[in-house]
Amino acid sequence: MRIKIVFIFIMFVSLLLSSSLEISAATSEVDISTENIEKVEEFIQNQMEKGNIPGLSVTIVKEDETVYQRGFGYADIDNGREITPDTLFELGSTSKAFTALGVLTLVDNGTIDIDAPITDYIPWLSMTYKGEEATVTVRDILYQTSGIPFNTISDIPISDGENAIEDTVKTLVGVELDSMPGEKFQYATINYDILGLLIEKTSGIKYEEFITKNILDPMGLNNTYMYSNEFEKDRMAQGYKQLFTEPRVYHAPSYEGNKPAGYIITNSKDMEKWLKIQLGVLKESTFSNSVIEESHIANRRVEQLQDGSSYASGWFVYQKGGGEISHGGNNPNYSSFILFRPEEKIGVAVLSNINSAYVEDIGHGINRILLDEDNNGSNIKDLNMIADYIAVAIIFVSIMVITVVLWLTIKVLKELKAKRRFVDKKGKRGILKVLTSIIIMMILTYGIYLIPYLLYRGVDWEFIFVWLPSSIKWALYLGYPCLWLVYSYSLLISFVKKKDEPVDVIVS
């Protein structure tokens, strides 16, 4: 009998331990101790130094408490203005979650049918797939499964006009889709500009007014703005871009038509509220919790992405532990990253005044530290820094080569004038070689022109000049002349021979 009781007791304890292990596997304990916060700060400062980040604002919330909020670096380096939680930033693509809530609000009240073709609301927005007119639904656009190509970002016009959103969406008329709508996830930022126009067409008011009245005001987001003229200039962080291995002030063009996808302005004070709203713990918010929860539901109709995530309404959803939801944002001179874990009721928001891959890495690193996970850091390959270093190298080499070739050219011309050289009259074979070399050079020149299209998903040089370091433009403008100058010099010395050099045989 005793043995039986002991056996039952052991089985009970084993079952209890097994259950607790399953629970701990599903949710991770969050450590917000002073020691961990110190680790967070050390990590942030190290990554900022590695990434040449001028300024950063970080917010961490746990349930309904803001457990950490601090600014790092500068909002304006030249004037010594430091980042504070009140400093404003452009959000980049983390703006999409606001636009998604606008659409879902209109779906919730019956104004929009999420499975209706977008042409029901914007009749002129026709797109094709394999030459045939395609049916793209509101759901396809919301979940980024419309098939609209990524490179449509190149066609977004520079504009601050009254009808900027509609003008932006009109660039899609007749566009050929990359895939059948609803079949495949393909991120295209302009999808959310379509949703911005959809909000205008169905609500009868401007996108900015609708989002302010129906999203920002009910949430109490008083530091989030639709227009840059709604606040004092010195509240905004100066935007920077990598140039000659350092962050430099960069005034990006105005893309008002891309606002629903990437140009909402906010600060860390409102990001703490935004995180708490996503976690469902901000009591002051009167916005519908059910609509918030709806925006977190991932689209399982298509394959997961390589990192295991699925797209929801302006969010990437991961099945990590109790679940993780996040999104990054990048504009030419700002970036952001927002992450939250609904099960543990923890959220992290990072805002910066430079476009850098390190911003997202900082957000993930903070999350790992708080969960007591290994945080040896990621092997960050920041495209802007890499492109800048390559461009600087090309500029340096081009200047050196141009200088040397010009000196050699002058030397050859002087020798020709002094009769130490003579002009070699080419025969037919020589002329053919020259014509062939010119064709090769023209192909090479065109190949350089195609570099963005071939290596960066079909965008053009104008996009590169706006989004990547300005040193690239210098490298291109010096690289082309350098290439043709070297070629011209090689042609020159093939025609202008020294008197002791052999000449080509003339074929008559």
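By salt bridge I mean a side-chain nitrogen of Lys or Arg within 4 Å of a carboxyl oxygen of Asp or Glu. Glu-415 is buried, with a relative accessible area of 9%, whereas Lys-411 is partly exposed at 35%. Here is what those words mean: buried is under 20% relative accessible area, exposed is over 50%, and partly exposed is in between, using a 1.4 Å probe and protein chains only. Salt bridges that share partners also join Glu-166, Lys-170 and Lys-201 into one network.

Before I go on, a word about what you are looking at. This is a predicted model, in which local features need pLDDT of at least 70 and side-chain atom pairs count only at pLDDT 80 or more, while totals for chains, interfaces and linings use all residues. Residues are numbered from 1 along each chain as its sequence is written, and side-chain values use heavy atoms, with hydrogens and water left out.

Now the overall picture. The chain has 508 residues, and 50% of them count as buried. Its C-alpha atoms fill a box of roughly 115 × 60 × 60 Å, taken along the principal axes. How many helices and strands does the chain have? The answer is 16 helices and 16 strands. These are DSSP runs, numbered from the N terminus: helices are H or I with at least four residues, and strands are E with at least two.

Let's look at the sheet next. Eight strands form an open sheet, and if you walk across it the order is β3-β2-β1-β14-β13-β12-β11-β10, with antiparallel pairing. Which strands stand at the edges? They are β3, residues 81-82, and β10, residues 310-311; each has a single partner strand, so one side of each is left without a neighbour in the sheet. Two strands count as a pair if DSSP finds at least two bridges between them.

Please zoom in on β12 and β13 with me. Strand β12 covers residues 324-331 and strand β13 covers residues 334-341, and they pair in the antiparallel sense over seven bridges. Asn-331 stands opposite Tyr-334 in β13.

In one of them, Glu-324 pairs with Arg-341, and the closest N and O atoms are 2.8 Å apart. Glu-324 lies in β12 and Arg-341 in β13, so this pair ties together parts that are 17 residues apart in sequence. Are these two residues buried or exposed? Glu-324 is buried, at 3% relative accessibility, and Arg-341 is buried too, with a relative accessible area of 3%. Arg-341 has another salt bridge, with Glu-344, where the closest N and O atoms are 3.2 Å apart. Both Arg-341 and Glu-344 are buried.

Lys-345 has a positive phi of about 60 degrees although it is not a glycine. Lys-345 sits in the loop between β13 and β14, the latter being residues 346-352, and counts as partly exposed at 27% relative accessibility. Lys-419 also has a positive phi, of about 70 degrees, and is not a glycine either. You will find Lys-419 in the loop between α12, residues 383-417, and β15, residues 421-423. At 61% relative accessibility, Lys-419 counts as exposed.

Let's move to the surface. Glu-35, Glu-38, Asp-372, Glu-373 and Asp-374 gather there in a patch of negative charge. Patches are made of residues with over 30% relative accessible area and no salt bridge; like charges are joined within 9 Å, and nonpolar side chains (Val, Leu, Ile, Met, Phe, Trp, Tyr) within 5 Å. Asp and Glu count as negative. Glu-35 belongs to helix α2, residues 34-51, and is exposed, with a relative accessible area of 52%.

There is a nonpolar surface patch as well, of about 470 Å², made by Ile-451, Tyr-453, Leu-454 and Leu-455. Accessible areas come from the Shrake-Rupley method with a 1.4 Å probe. Leu-455 is found in helix α14, residues 451-455, and counts as exposed at 71% relative accessibility.

My last stop is Cys-482 in helix α16, residues 471-495. Cys-482 is buried, with a relative accessible area of 10%.

Note on methods:
Charge placed at Lys NZ, Arg CZ, Asp CG, Glu CD.
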